[in-house]
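Okay, thanks for having me. Let me put the structure up, and then I'll talk you through it.

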Amino acid sequence: MTTTNQVAIEATGLVKKYGNTTALAGVDLSVPTGTVLGVLGPNGAGKTTAVRILGTLLRPDAGHATVGGYDVVREAGKVRSIIGLTGQYASVDEDMSGRRNLTLVGRLLGTPREQARARADELLERFELTDAGDRIAKTYSGGMRRRLDLAASLVGRPSILYLDEPTTGLDPHARNGVWETIRDLVLDGTTVLLTTQYLDEADALADSIMVFDKGSVVASGRPAELKAQAGKQSLDVRPSEPAHLERVAAIVAESVGARPTVDVVNAVVSVPVNDGTSMPVVVRRLEEEGIGVTELSLRLPSLDEVFLALTGHTAEEKKSDNILEGASR
Amino acid sequence: MTTATLETPAHAAHRSRPFAWVQQSLTLAWRNIVRIRQNPEALADVTFQPIIFLVLFLFVFGGAIANGGTWHDYLPYLLPGLLVQTVVFSTMGTGVALNDDFAKGVFDRFRSLPIARIAPLIGAVLGDAVRYTLSIVILMTTGFVLGFRFQNGVGNGLLALVIVLLFALSMCWIWVWLGLTLKTAQGVQGVAFLVMFPLTFGSNVFVQTDTLPGFLRAFVNVNPVKYLVDTMRALMLGGDLQKPLLITLAWMVGLIAVFAPLAIRAYRRRT
């Protein structure tokens, strides 16, 4: 039995329109069994729409998709029996206890009462919710609610799991907890489709990454490949005199060998770099030119910078008018 | 089996059971009952409201309507009518609650599970049967305390209560449909009041209809509430039963036949 070359999720030409707004403009994707696909993009890029189509909650207007070999439209029932779905907005019943939320799913899946309870206890323990198990979910913190939602999607032991922005809005500790769980699931052989707005999350968890923008795939590849294009880190230089921005940009471009972005509002020049080796060169050239700086730092690139590097424009433009932008396509 | 994804999931057994949807519906009905227990204040519309309505209508209108008599004489006439009004009004809560569930995303969970499409809807309706029953019990108990008695045998009286409950379970499909079609819970409530007031007040719930002007009497004569009230009075007090009962049953079948399919279609389309 070979599983390495099997495809768990396959989609071709997925299109979804809401009135005049195009949420998905023809998306192809393929996820091999047992791997993690990270779908990266800003709000309104079409990530959630794609997940909802692959999770049988939405019908595509065009194109088709199979999950576990089953067609998401014609064989939706079979697809539902092998998937787990964790939405962006935790879909738990706030008026019931965590334990009852999990038993409910088990009972709906046809598990006998005792087994459903045992499975609920097992999941509560795994997600460190045992103590809170009998409290109603309304009283849970954001992180607990997200964990309960994830637990609910695992009740039926799905072999394919969709996680729609599982860590958006979580504190770093809760975020690490979710990451660990996802890694454990992958070790068990679960195929995961993960959407995120964070490059480091996709980098930490995904075997391959697709970048969505305005309902289309604008870049895809292994994390290392994308990072090579986007730069692993970002070098920021903030001159003490905003008037020196242009000259700083020229120096940075010359020293690093890449075109920097000039943020006039914040008076800072940024450029993607792979490591810190060009930093001394920049420092020396600035000294030669006699330009003082208030900030000189290396940091992880933001989503905007990744977008700029991969697509030639920033994600920010679309955040402001993400929906309407799609309409004009 | 050559792929990991096709390994038998733990819950694959559900597909082999032909009546799985029954168990799924009952499970979801249980959910709604658990939620009621968690939020008892949400029951105000089926607990205090019937008592307040009965007391108000009985003592405010009683003397005037009873034509020389007292509220004692009005009670046997009023109670079967008010029972219908109370139960019919409580059906709209089903649509409001469903709309709320959808807005909160809980239904995304249900829709992503391999369960029958109709199960969440039947579950909502059956769960609400508890609310309807509660409103019936509370209103009748208050009536008995005030001196109401079944005059046509206890058996017929209880049959009347079963029929009004079944009518509520048929009628609530309108609200299930609207709850899934309209955007907000407030919208559902708005439409519900717009429909409920003419239906219940434009009937024989409170007064005999022979003083009404012609156009209104024409409306009353096609109003299902009138026939349900006539059925209640016939069973509880005596009188002609056959015609109102048959028309009521026909309305029940018709309501389900029209609105249950509409509701299921709306459920499938809702995204």
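In chain B, 79% of the contacts with a separation of 6 or more are between residues 24 or more positions apart. By contact I mean two residues whose C-beta atoms, placed from the backbone, lie within 7 Å. For chain A, that share is 68%.

Quick housekeeping. This is a predicted model, where local features need pLDDT of at least 70 and side-chain atom pairs count only at pLDDT 80 or more, while totals for chains, interfaces and linings use all residues. Residues are numbered from 1 along each chain as its sequence is written, and chains are lettered from A and ligands numbered from 1 in the order in which they are written.

Let's stay with chain B. What is it built from, helices or strands? It has 11 helices and 0 strands. The C-alpha atoms of chain B fill a box of roughly 85 × 35 × 35 Å along the principal axes. Of its 271 residues, 41% count as buried. Buried here means that 20 or more other C-beta atoms lie within 10 Å of the residue's own; 12 or fewer makes it exposed, anything in between is partly exposed, and the C-beta atoms are placed from the backbone.

Take helix α11 of chain B, residues 242-269. Its 28 residues reach 41 Å from first C-alpha to last, close to the 40 Å expected at 1.5 Å a residue. That expected span is 1.5 Å times one less than the number of residues. Buried residues in α11(B) include B:P244, B:F259 and B:Y267. And what covers them? Among the elements doing so are α6 (119-146), α7 (154-181) and α10 (224-237) of chain B.

Now chain A, which has 13 helices and 14 strands. Here 50% of the 329 residues count as buried. The domain assignment gives domain 1 (7-228) and domain 2 (233-299), with bounds from an automatic or database domain assignment. The C-alpha centres of the two domains lie 40 Å apart.

Find the sheet in chain A. 6 strands form an open, mixed sheet in the order β6-β7-β8-β3-β9-β10. Strands pair if DSSP finds at least two bridges between them. β6 and β10 (216-221) of chain A each have a single partner strand, so they stand at the edges with one side lacking a neighbour in the sheet. On average, neighbouring strands are turned by 15° against each other, direction ignored.

Helix α5 of chain A (residues 142-154) touches β6 and β7, and its direction makes about 165° with that of β6(A). Helix α6 of chain A (residues 172-187) touches β3 (36-40), β7 and β8, at about 155° to β8(A). For these angles, axes are lines fitted to C-alpha atoms, for helices over the stretch in contact, and the angle between N-to-C directions runs from 0 to 180 degrees.

Why does A:T195 count as buried? Because it has 26 C-beta neighbours inside 10 Å. Beyond four places in sequence, its contacts include A:V39, A:K47 and A:E165.

On to the cores. A nonpolar core is a set of buried Ala, Val, Leu, Ile, Met, Phe, Trp, Tyr and Cys residues joined through C-beta atoms within 7 Å. The largest has 81 residues, and those with the most contacts inside it include A:I9, A:L37 and A:M210. The biggest contribution comes from α5(A), with 6 residues. A second, separate core of 58 residues includes B:L82 and B:V205.

A:K214, in the loop between β9 (208-213) and β10 of chain A, has a positive phi near 50° without being a glycine. A:A267, likewise not a glycine, has a positive phi of about 55°, and is partly exposed because 18 other C-beta atoms lie within 10 Å.

Note on methods
Helix = DSSP H or I, 4+ residues; strand = E, 2+ residues; numbered from the N terminus.
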